[in-house]
Amino acid sequence: MTGEEMHALVERLYPLCRSITGDGVRATLDIVGEHLELEVHEVPTGTQVLDWTVPREWNIRDAYVKDPSGARVVDFRRSNLHVVGYSVPVSAVMTLDELRPHLHTLPEQPGLVPYRTSYYVETWGFCLSQDTLDGMGPGPYEVVIDSTLADGHLTYAEHVVRGRTDEEVLISCHVCHPSLANDNLAGIAVATALAGRLREPRHTYRFLFAPGTIGAITWLARNRERTGRVRHGLTLACAGDPGALTYKRSRRGDAPIDRVMMAVLRDRPHTVVDFAPYGYDERQFCSPGFNLPVGSLTRTPYAGYPEYHTSGDDVGFVSPEAMADTLDALWAAVRVLERDGRYQNLSPYGEPQLGRRGLYGSLGGRSDTKQAQMAMLWVLNLSDGDHGLLDIAERAGLPFGAVAEAAGALEGAGLLKRVGEGG
């Protein structure tokens with residue numbers, strides 16, 4: 001998928017009202033399923049998942065606040081952000097004073113509508129701009145939320161690209177937010193594009209499309225015996241905003257995925273932060289009982305941009321170029337994971353003569369030629385069966401790609417033999 005195609009997918013998903021359960025999640029997965037073969041899982045209300053319980057399912061048909069003239073001053077049909085997620089049904093006539101405790105605004109951003117939810121406490125409410133609230137008279141107002149909260153299911157989906165080994169790379173993105181383009185429709189689009197690129201990989205790649213927190217917890221509870229297969233993982237969110245890439249390390253801090261992302265980001269504008277038990281679903285995968293090697297890749301992280309969890313996070317806030325850049329970084333990470341390996345130097349006594357094998361470039365002094373030559377020398381020196389190519393790139397301070405190309409050239413010349421996989 002191109003950046004434009006990913007952006008078109010965001011535009012298509014944007015109007016759907018998603019939550020942690022319900023038909024909006026199913027409709028989202030149906031659309032993703034047009035691009036990928038998905039295995040969809042339905043987990044019944046009341047199912048115990050680790051320390052949590054799958055909640056009742058929430059769906060909504062309509063909601064509004066009508067003024068005395070009959071005009072909808074707050075209208076779910078215009079934006080699904082106008083209703084607090086998981087609001088229970090309401091049908092009442094109220095004055096503005098009576099309604100006010102159920103209204104949520106952003107006084108410091110008066111033109112924007114906030115995103116609010118109440119998943120586990122039964123209540124109801126509306127979100128609107130402060131400008132709209134300031135223009136409302138005393139009422140009375142007709143207040144309607146046409147929703148259901150009943151036993152049902154939590155829905156999540158997986159797409160698996162089988163590799164030559166059972167060792168898994170887990171890519172997880174949350175699908176529970178309503179009309180928020182960066183958080184996390186851009187992540188869904190980029191994950192979909194990455195999955196579509198993979199062809200006959202070494203690792204098995206598992207893409208998880210699940211509601212935040214409760215979805216990841218449900219997946220962990222249902223796959224507890226299989227989590228040992230996860231060798232590398234990333235949560236993917238906020239993949240389309242104008243900011244530079246940000247990588248959050250795994251709880252381990254030095255897991256292979258942490259090192260891979262350092263190699264990928266070394267020549268790109270980026271920020272690296274240490275693990276903290278707050279954020280996206282990396283905190284579930286990195287909980288101490290599992291301690292999976294899962295980091296988090298975003299552009300600007302959660303709460304780091306003014307549009308976060310507001311109506312400002314619309315389709316115009318994300319760009320094809322930013323999503324393409326995020327995808328490019330992920331693809332570079334895949335290439336490191338797939339190409340890393342351990343080699344044995346077959347001519348370890350002294351430095352072999354590279355010139356007579358055509359391995360030294362003829363244009364001495366050119367910077368790329370010099371880098372290639374240094375990469376060959378480092379690969380020869382450290383290919384003792386114990387060091388992987390990523391180890392060598394880190395030790396030499398060279399791009400992983402240069403080291404991998406050097407290894408390929410040396411193997412082709414009969415100077416190296418691959419003896420094992422990397423990290």
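Select leucine 234 to begin: this residue belongs to strand E13, residues 230-236, where strands (E, at least two residues) and helices (H or I, at least four) are DSSP runs numbered from the N terminus. The model is predicted, so local features need pLDDT of at least 70 and side-chain atom pairs count only at pLDDT 80 or more, while totals for chains, interfaces and linings use all residues. Residues are numbered from 1 along each chain as its sequence is written, and side-chain values use heavy atoms, with hydrogens and water left out.

Leucine 234 counts as buried because its relative accessibility is 4% (buried is under 20% relative accessible area, exposed over 50%, partly exposed in between, with a 1.4 Å probe and protein chains only). Next, display its contacts (heavy atoms within 4.5 Å); leaving aside residues up to four places away in sequence, they include Leu170, Tyr247, Met261 and Leu330.

Now select His177, Thr213, Gly279, Arg283 and His309, which lie nearest the centre of the largest pocket, among its 21 lining residues. A pocket is an open set of points on a 1 Å grid over the protein atoms alone, with protein on both sides within 12 Å along at least five of seven lines; lining residues have an atom within 4 Å of a point. This pocket holds about 380 Å³ of space.

Definitions and conventions. On a 1 Å grid over the protein atoms alone, a cavity is a set of points where a 1.4 Å probe fits but cannot get out, and a pocket is an open set with protein on both sides within 12 Å along at least five of seven lines; lining residues have an atom within 4 Å of a point. Grid points are joined across faces, edges and corners, and a volume is the space filled by probe spheres set on the points.
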